[in-house]
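Trainee: Please take one part of this structure and look at it closely. Then connect that part to the rest of the model.

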Amino acid sequence: MVPVGDASGAPGDALHQRYSDQFGMLLGLGAKVSEAIYVGTYFGGSFGTNGGDTRVDRACTDRDDNLQNDISCGSGTLRAGLELEYHFQPAARVDPWLGYGIGPEFATQSITDHVRAVDETTSVTGWEYARLAGGINFRLARAVGLAPTLEGSLGQFNTSRTELNSVKVHDAAIPDRALHGWITVGLRLILFP
Amino acid sequence: MRLRTRTLILVTVLACACTNPTGLPHSRLWFQATPSGASSASTAARSTCTELPELLGSVIDDAVSLDSGASAAISASRDAVSLRFSGTAGLEKRDITRTQLDAGYADSFQVRSSAGQAYDISLSSTCK
């Protein structure tokens, strides 16, 4: 998953400055309500490291001489929602499709200073208003298919929460919101395509 | 034999390539409010030390109650600290950048609560 857009409207707060490219997994469960239309739910998560922000990146690059990581950084996301897919050739072995999803989104970033025993975590929550996807299902067997997939999401974070050593020190609405997205290239394993 | 040699070389390279262990650099704002005329060591003095966060989007909120009608709210982002008074006459707001704190910051002024009590405010980049 590649981050694009802005995490907030604050200067320099691009999504890729906070979060690195992410690696993740998405599980979906649903059913075809007609030959061509699939309706379901999805739940997914991803993980990565710190984004491109120079100051955080410099801090997270380990330079000690004890062979331990004194400052560690991480990031991750969670998402869930409802999705709808339209299949153009549902009975064929090769079936192109387009999909739309919508649901809540959660993203978090952390930096842990092991020298001073300070852990700082900031999490944001919001909505993915549009999760547009397209792919081609290749039916390998009667019950199994594979689908290379391209997805792009458009969302907005609404609230932000900061914790220091797991103690909440800030929890409020984001005053200057902005649009962000994730571009995802993946491979779906489909049961009972 | 070859594996042992490689391991030794790897350990040597790792040991030589590193510098001293370091933690995160930190910037702090020390806030103290003392009723005018009282000692800063008095139990009536109120203080807090707020450390600026490191991550983009992080915010640390803190507050100091001066008396029943007045308070100071401190909000620290990674680039600046915002200090806002409520229930006081005169100064209502002060913004201090991280650059100012890192250069060594100190300031003092007076505010008066709506109840009529004057407070000496001390700000510093060194926590006590």
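**A strand and its partners**

Mentor: Strand 7 of chain A runs antiparallel to strand 9 (residues 179–191) of chain A, and 13 bridges join the two. Two strands count as paired if DSSP finds at least two bridges between them. Helices (H or I, at least four residues) and strands (E, at least two) are DSSP runs, numbered from the N terminus. Within this pairing, Ser153(A) has Trp182(A) in strand 9 of chain A as its bridge partner.

Some ground rules come next. This is a predicted model, in which local features need pLDDT of at least 70 and side-chain atom pairs count only at pLDDT 80 or more, while totals for chains, interfaces and linings use all residues. Residues are numbered from 1 along each chain as its sequence is written, and chains are lettered from A and ligands numbered from 1 in the order in which they are written. The pLDDT is the predictor's confidence in each residue, from 0 to 100. The model has an ipTM of 0.86 and a pTM of 0.84.

Back to strand 7 of chain A. Strand 7 spans residues 144–164 and pairs with strand 6 (residues 118–139) of chain A, antiparallel, over 17 bridges. One example is Trp127(A), whose bridge partner in strand 7 of chain A is Gln156(A). Strands 6 and 7 of chain A make a hairpin, with 4 residues between the strands. Strand 8 (residues 167–173) of chain A is also a partner: it runs antiparallel to strand 7 of chain A, joined by 6 bridges. Here Ser160(A) has Ala172(A) in strand 8 of chain A as its bridge partner. Strands 7 and 8 of chain A form a hairpin too, with 2 residues between them, and Asn165(A) in that hairpin has a positive phi near 50°. What holds such pairs together in general? Strands of a sheet pair through backbone hydrogen bonds, parallel or antiparallel.

Now step back to chain A as a whole. Chain A contains 2 helices and 9 strands. The order of its elements, from the N terminus, is β-α-β-β-α-β-β-β-β-β-β. Along the principal axes, its C-alpha atoms fill a box of roughly 60 × 40 × 25 Å. Of its 193 residues, 30% are buried. Buried means 20 or more other C-beta atoms within 10 Å of a residue's own; exposed means 12 or fewer, and partly exposed lies in between, with C-beta atoms placed from the backbone. Of the contacts in chain A with a separation of 6 or more, 59% link residues 24 or more positions apart. A contact is a pair of residues whose C-beta atoms, placed from the backbone, lie within 7 Å.

His87(A) counts as buried because 20 other C-beta atoms lie within 10 Å. Apart from neighbours within four places in sequence, His87(A) contacts Ala36(A), Tyr38(A), Asp95(A) and Trp97(A). Gly99(A) is 12 residues away from His87(A) along the chain, and their C-alpha atoms are 8.7 Å apart.

Chain B, for comparison, has 2 helices and 9 strands. Its elements run α-β-β-β-β-β-β-β-α-β-β from the N terminus. Buried residues are 24% of the 128 in chain B. Among contacts in chain B with a separation of 6 or more, 41% join residues 24 or more positions apart.

One sheet in chain B is open, with 5 strands in the order 2-1-9-8-6 and antiparallel pairing. Strand 2 (46–51) and strand 6 (88–89) of chain B are at its edges; each has a single partner strand, so one side of each lacks a neighbour in the sheet. Strand 6 of chain B pairs with strand 8 (residues 106–113) of chain B, antiparallel, over 2 bridges. Thr88(B) has Ser113(B) in strand 8 of chain B as its bridge partner.

The largest nonpolar core has 19 residues; Leu29(B), Ala33(B), Leu66(B), Ala72(B) and Val81(B) touch the most other members. Such a core is a set of buried Ala, Val, Leu, Ile, Met, Phe, Trp, Tyr and Cys residues joined through C-beta atoms within 7 Å. Beyond its neighbours within four places in sequence, Leu66(B) has several contacts, including Ala33(B), Ala72(B) and Tyr119(B).

The mean pLDDT of chain B is 82, and 80% of its residues score at least 70.

Conventions
Contact = placed C-beta atoms within 7 Å.
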